[in-house]
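Work through the exercises below with the model open. Each task is followed by a solution in steps.

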Amino acid sequence: MDLEDVPATLKHIAEKEPIDESMSLRIFRGLDQERADTKWGMDIENPPWLEAVHNTQSGRCFILGTGPSLTQQIPLLPHLDNETTWTVNRMQFWGDLPFTPNNHVVAEPGPIGGWGRFIFPQYDFPTAINRIAINWWPVTAPGWLWVPKAPDDIQMRWEGFHGLGDTLPPIPTGWASPLTLSQVAAWMGYDEFYFLGIDTTQTGQAWDAIQGRTANPRNIRSILECFDRANRDVRRAGRKIFDCTPGGRINQEGALEYVPLEDVLEVKGEG
């Protein structure tokens, strides 16, 4: 199946969101795979742990952002204790999370201090089974695993979703940590991706639905375009990708298909 066989489905971003000025950085159209094969010209090797986990997993995983819609799903979330889960950033602030994540990830440089020697504590999740930092330079913080990241002009909406094949370059940004990290999950072998808490708004967090904010404003247009590209690439590879965020911008704009979490978990009457 060619990429063109899976059409873009975004509905309204051209009307509602401003043009992203970083589009001017896109000067390599048509050379995406060639650039990926050369690791974007970066002299960097994947750490041994990352090579060792390639295609060692299978099945589905649940990837959580920190959006306020999670509070609508509290009765369902305990069922994720028996699933593979990924969390991001300041999730530890939300005291109502009813399970310990398998993997906790930071995918931006802000949470990382001392050139990789430590992670700022508000972004840590010490009880997570694995803690992973996706970053441009090596992260040596005790207890953390490092995944190389491409510079931010290497973006998923242009360069595609990586982790679906047998080579993994420094991974492109998806402009949203849950989407960026999903490439690592794909590399590990998971073939069904379910996103929660990716409301994609400028305000609201699970721990403060009214006044909670991200550290920096979101570039919503870029996020939507990256999810749209991920949707097409993942489906073209024969894998599944869905959004379980009720009322979330990603599914409202058509970048991902919405499926209720209770339907995925086959749990009725608890949502």
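**Exercise 1.** In which helix does Ala52 lie? Then decide whether Ala52 is buried or exposed.

*Solution.* This is a predicted model, in which local features need pLDDT of at least 70, side-chain atom pairs count only at pLDDT 80 or more, and totals for chains, interfaces and linings use all residues. Residues are numbered from 1 along each chain as its sequence is written, and side-chain values use heavy atoms, with hydrogens and water left out.

Step 1: Ala52 belongs to helix H3, residues 48–52. Helices (H or I, at least four residues) and strands (E, at least two) are DSSP runs numbered from the N terminus.

Step 2: buried means under 20% relative accessible area, exposed over 50%, and partly exposed in between (1.4 Å probe, protein chains only). Ala52 counts as exposed because its relative accessibility is 57%.

Step 3: the C-alpha atoms of Ala52 and Met188 are 9.0 Å apart, while 136 residues separate the two along the chain.

**Exercise 2.** Which way do the residues of strand E2 point? Find the strands that pair with E2.

*Solution.* Step 1: in a regular strand, side chains alternate between the two faces of the sheet. In E2 (residues 85–88), Thr85 and Thr87 point one way, Trp86 and Val88 the other, and all are buried.

Step 2: two strands pair if DSSP finds at least two bridges between them. E2 pairs in the parallel sense with E1 (residues 60–64) over 2 bridges, and runs parallel to E3 (residues 103–106), joined by 3 bridges.

Step 3: Trp86 is the bridge partner of Ile63 and stands opposite Asn103 in E3.
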